[in-house]
Amino acid sequence: MRRTVYTDLMAKYENPLEHACCVREGQQWISVDAKCPDGLCLEAWRCMQRFVEALARGEGNFFDGWMQNPMSAMISCNDGFRPVSFYIEVI
């Protein structure tokens, strides 16, 4: 997982926020029965939910070979100012 912050875009377009994102690099979550794990940002979950559900059903190979591991996906949350990339895999 990687977290990026675009301070130039934040300064130009975003209203100041007290608390925008609590995700830290290195955090891990496990989804059981394709449910949102406790403590995971709900907006991030909405971005990855369809991939988690598909992987839980045994599906994979998204976009015809996009990932080296066909039972995985790299998904980013939709926060354009501080996107977080999540690596999702079947364990």
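This is a predicted model: local features need pLDDT of at least 70, side-chain atom pairs count only at pLDDT 80 or more; totals for chains, interfaces and linings use all residues.
Strands are DSSP runs of E with at least two residues, helices are runs of H or I with at least four residues, and both are numbered from the N terminus; two strands pair if DSSP finds at least two bridges between them.

S1 pairs with strand S3 (residues 84-89) in the antiparallel sense over two bridges, and Arg2 has Ser85 of S3 as its bridge partner.

Ser31 is found in the loop between helix H1 (7-13) and helix H2 (42-56). With a relative accessible area of 27%, Ser31 is partly exposed, a class that falls between buried (under 20%) and exposed (over 50%), using a 1.4 Å probe and protein chains only.

Apart from neighbours within four places in sequence, Ser31 is in contact with Pro37, Trp45 and Val52, where contact means heavy atoms within 4.5 Å. The C-alpha atoms of Ser31 and Val90 are separated by 9.7 Å, although these residues are 59 residues apart along the chain.

## Basis of the model

Residues are numbered from 1 along each chain as its sequence is written, and side-chain values use heavy atoms, with hydrogens and water left out. Local features need pLDDT of at least 70 and side-chain atom pairs count only at pLDDT 80 or more, whereas totals for chains, interfaces and linings use all residues.
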